[in-house]
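Please walk through the structure below, beginning with a single side chain and its contacts and ending with a pocket.

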Amino acid sequence: MDQIAPVELLIAVTKATELSPDVYYNKGNWACQESSRSAFGGSQLGQSAAAAAATVPPTFQIYSIQSAFLRAVKPKENIRYHVERVLDGRAFASRIVRVTQGPSNVCLYTTTICFQRNDLPVGNALDYHVPMPAEGNTLPENIRGGKAQEMMAAMTTRSVPLLQLRTEEEPFDWRPFDHPPAGDPTKFWQRSFVRSPTIASTSPHVHQAALAFLSDLYTIGAALHASPKQTGEKLCNVTMATTLTATLSIHEPTAKVDEWMFTQHETSCGSNGRVVIRQWYWDVKSGRLIMSGTQECLVRLKGASKL
């Protein structure tokens, strides 16, 4: 039997048959920062995608995820994913997933996940994408493993409220390029190669859920490291950094998260305590854009008013 990749455990869900046919529990442990009061948002993204995918035929693949993080999810308690079947069409399907926890039915997180049937011919269709940056043509092997953790340790103190995984905990192999000098935050970027260990499952839904999990990993750093004068040495001025909304588009339904991808993250706006981060993922072999998205995050600095 093939070994299960770490990210497969982090996105796994199981059916709560005693509650309803379309309710699921998280199956594995949460990814979270030590002493954190809230679970990592990527876990909710990935597990919601897995729960929604369990309610559609295997020929339907995720192409859009639109999420809102409403309240903190406790990292040491199981949560429930309530899947609502809002559309089952010939070529398209949609699901709304709501997260609850404990005895309360208060919604903590909600997402709309859209599917398209991929075994139907689309005929004459527009076909183009943003090209992969030139750095993507280099070899990932030229960047040593473990560099991402070294950069994180050098740039971030452990007291900062961000997910900081040790090398042995990391579900992905990150190979980052050095950042450009910080000046204008909108001209700062983070570029990396990334892939997971080999995924045991043959289901495209597992890769899509893993991509959803990946989309929230280290993403907010693009805004924090772009403004070092405000965020301070090793981000010492950051007292809160959390995702508010996330929008993802998966462009290639057959994309494999265990093959090398090239990724770029950048920030386009910081205003009213919120920052916007844009992200792109390309398949290194083909150069095609496989996923893109936008996240809006709350960043609170020392001395800021509480929102």
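In this predicted model, the side chain of Glu-170 reaches the backbone nitrogen of Phe-172 at 3.1 Å. Glu-170 also makes a polar contact, side chain to side chain, with Tyr-218, at 2.8 Å. The position of Glu-170 in the fold is a loop, the one between helix H3 (147–155) and strand E7 (173–176). Is Glu-170 buried or exposed? Glu-170 counts as buried because its relative accessibility is 10%, and the cut-off for buried is under 20%.

Leu-87 gives another case. This residue is found in strand E4, which covers residues 79–88. Its relative accessibility is 40%, so Leu-87 counts as partly exposed; that class lies between the buried limit of 20% and the exposed limit of 50%. Leu-87 also belongs to a nonpolar surface patch of about 320 Å², which it makes with Tyr-63, Val-86 and Phe-92.

The next topic is empty space. Rolling a probe the size of a water molecule over the atoms shows where such space is left. The second largest pocket holds about 580 Å³. Its lining consists of 20 residues, and those closest to the pocket centre are Gln-116, Ile-250, His-251, Glu-252 and Pro-253. Which strands each supply at least two residues of this lining? They are strand E3 (60–69), strand E6 (109–117) and strand E9 (238–250). E3 provides the largest share of the lining, with 3 residues.

Note on methods. Residues are numbered from 1 along each chain as its sequence is written. This is a predicted model: local features need pLDDT of at least 70, side-chain atom pairs count only at pLDDT 80 or more; totals for chains, interfaces and linings use all residues. Side-chain values use heavy atoms; hydrogens and water are left out. Patches are made of residues with over 30% relative accessible area and no salt bridge: like charges are joined within 9 Å, nonpolar side chains (Val, Leu, Ile, Met, Phe, Trp, Tyr) within 5 Å. Accessible areas come from the Shrake-Rupley method with a 1.4 Å probe; for residues, only the protein chains shown count as cover. A salt bridge is a side-chain nitrogen of Lys or Arg within 4 Å of a carboxyl oxygen of Asp or Glu. Helices (H or I, at least four residues) and strands (E, at least two) are DSSP runs, numbered from the N terminus. Buried means under 20% relative accessible area, exposed over 50%, partly exposed in between (1.4 Å probe, protein chains only). A polar contact is a pair of N or O atoms within 3.5 Å; within protein, one must be able to donate a hydrogen and the other to accept it, and residues adjacent in sequence count only if both atoms are side-chain atoms. On a 1 Å grid over the protein atoms alone, a cavity is a set of points where a 1.4 Å probe fits but cannot get out, and a pocket is an open set with protein on both sides within 12 Å along at least five of seven lines; lining residues have an atom within 4 Å of a point. Grid points are joined across faces, edges and corners, and a volume is the space filled by probe spheres set on the points.
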